[in-house]
Amino acid sequence: MTRPAVVLDFERGARPGPSWRRLRAACGGGLAGAGFWTAALCDHLPRRTGVWATVAEAGEAVGGLGWLETARGPLRTLEAHHAGVPCDLLLHPDLDPARRRDVLAALLGAWTAAARAPLALAATLHAEGPAADDVAASLAAAGFRRTAVPVAYFPLAQGLEHVEAHLLKKNRRNERNRSLRRGCATAVTSEPAVIDEFLPIYHAASRRWGARPLPAALLRGLLADGGGRVYCTTVRREGVLLGAHLCLEAGGTVTAWVGSTVEDPHDVFPATLLVWADLEEACRRGASRLDLGGHGGQQGVAQFKELLGALTLERAMWRRTSRLAAAALALGRGGRP
């Protein structure tokens, strides 16, 4: 019997429609498909909009892939999805294997067609787990190049006591205990006002790393609109903020997305204590994983996470650059390829 054709639908805007939201709930979707996340990015980053590709059957979405589109005049840059957060490739769990393949092929076809459009400068997709294997052949055939991105994480399924006893290194436990004895305290808050205290620490760390900080309005907006799924863990000593992590909860994962501590904390260890606060809160929320992210080329950050006892998974970053963009980059380098 011939299978029915797959019909794609496209929506544009900061948030997906109700059918997408129901599909995401059925799939246990991650952060990239959450409406509050994309809405905050579109509100606080210039010239962004969301694009939602869906496959529907009997009026209900059974497959979906969303991405951000950034306009530069008539030109476009595509991200699925922002700042290292992996894409949400949604395939309804009730699809039979053959139909699943058809829906997946249609969604990847929509993405690669958008990436190969004449006015598309570049397109980037981050994938992990089963999705990383599912997308590989289609993206490679469409001219995407893969880069492996190591990501540090703690598995939490066995609970906080297991993490403390079997994963967190003894030296880090000692640093945590010493910091607490010397007057440090942790807390969790979703109040946007904490960003005002955090900014001087964050901007100083960004200068050290040679990185561009995210807009303060975006961080405040995520806290304000995240419905409790966005929060900050903080470390203070005598009321003074020593550091914070902005954490994002979705799909059973807590992501410590943005964070930094004071440069010279003297005789305490706020970075270690922050990760402990992350672990405590993630476990309290029933998360199965704490994602500490990549290291962005900062070897000191990578070493710190390794010495904590974090494990490593590999996230695939797929990128396609148009000939126009490649020529512009070469021109900026004085014509060197």
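User: Hi! Glu-69 first: does this residue count as buried or exposed, and at what relative accessibility?
Analyst: Hello! Glu-69 counts as buried, because its relative accessibility is 12%. Buried means under 20% relative accessible area, exposed means over 50%, and partly exposed is in between (1.4 Å probe, protein chains only). Please keep in mind that this is a predicted model: local features need pLDDT of at least 70, side-chain atom pairs count only at pLDDT 80 or more, and totals for chains, interfaces and linings use all residues. Residues are numbered from 1 along each chain as its sequence is written, and side-chain values use heavy atoms, with hydrogens and water left out.

User: Thanks! Which residue does Glu-69 form a salt bridge with?
Analyst: Arg-76 is the partner, and the closest N and O atoms are 3.2 Å apart. A salt bridge here is a side-chain nitrogen of Lys or Arg within 4 Å of a carboxyl oxygen of Asp or Glu. Arg-76 counts as partly exposed, because its relative accessibility is 27%.

User: Why can side chains pair like that?
Analyst: Side chains can pair when they have opposite charge and their charged atoms come close.

User: How many salt bridges does the structure hold?
Analyst: There are 20 salt bridges in the structure. One of them joins the side chains of Glu-128 and Arg-315, at 2.7 Å from N to O. Glu-128 lies in the loop between strand 6 (120–127) and helix 4 (130–141), and Arg-315 lies in strand 13 (residues 311–321), so the pair ties together parts that are 187 residues apart in sequence. Helices (H or I, at least four residues) and strands (E, at least two) are DSSP runs, numbered from the N terminus.

User: Are Glu-128 and Arg-315 buried or exposed?
Analyst: Both Glu-128 and Arg-315 are buried.

User: And what does Glu-314 pair with?
Analyst: Glu-314 forms a salt bridge with Arg-146, with 2.6 Å between the closest N and O atoms. This pair links distant parts of the chain, since Glu-314 is in strand 13 and Arg-146 is in strand 7 (residues 145–155), 168 residues apart. Glu-314 counts as partly exposed at 47% relative accessibility, and Arg-146 is partly exposed with a relative accessible area of 41%. There is also a network: salt bridges that share partners join Glu-128, Arg-289, Asp-291 and Arg-315.

User: New topic: which residues touch the most other members of the largest nonpolar core?
Analyst: Those are Trp-37, Ile-195, Leu-246 and Trp-257, in a core of 32 residues. A nonpolar core is a set of buried Ala, Val, Leu, Ile, Met, Phe, Trp, Tyr and Cys residues joined through side-chain atoms within 4.5 Å. Helix 7 supplies the largest share of this core, six residues. A second, separate core has 31 residues, including Cys-87, Leu-108, Ala-131 and Trp-318.

User: Where is Leu-219, and what is it in contact with?
Analyst: Leu-219 sits in helix 8 and counts as buried at 0% relative accessibility. Leaving aside neighbours within four places in sequence, Leu-219 is in contact (heavy atoms within 4.5 Å) with Ile-195, Tyr-202, Leu-214, Leu-246, Trp-257 and Val-258.

User: Back to helix 4: which of its residues are buried?
Analyst: Ala-131, Ala-132, Val-135 and Leu-139 are buried in helix 4. Seen down the helix axis, the buried residues fall within an arc of 85°, so they line one face of helix 4. That arc is the one of the directions from the helix axis to the C-beta atoms.

User: What do those buried residues pack against?
Analyst: They pack against strand 5 (89–91), helix 3 (97–115), strand 6 and strand 13. The face turned away from the buried side of helix 4 carries the exposed residues Pro-130, Asp-133, Ala-137 and Ala-141. Just after helix 4, Gly-143 takes a positive phi of about 90°.

User: Last one: at what angle do the axes of helix 5 and helix 9 cross?
Analyst: The axes of helix 5 (residues 160–167) and helix 9 (residues 270–284) cross at roughly 145° and come within 9 Å. Axes are lines fitted to C-alpha atoms, for helices over the stretch in contact, and angles run from 0 to 180 degrees between N-to-C directions. Leu-160, Val-163 and Glu-164 of helix 5 make the contact with Trp-276, Leu-279, Glu-280 and Cys-283 of helix 9.
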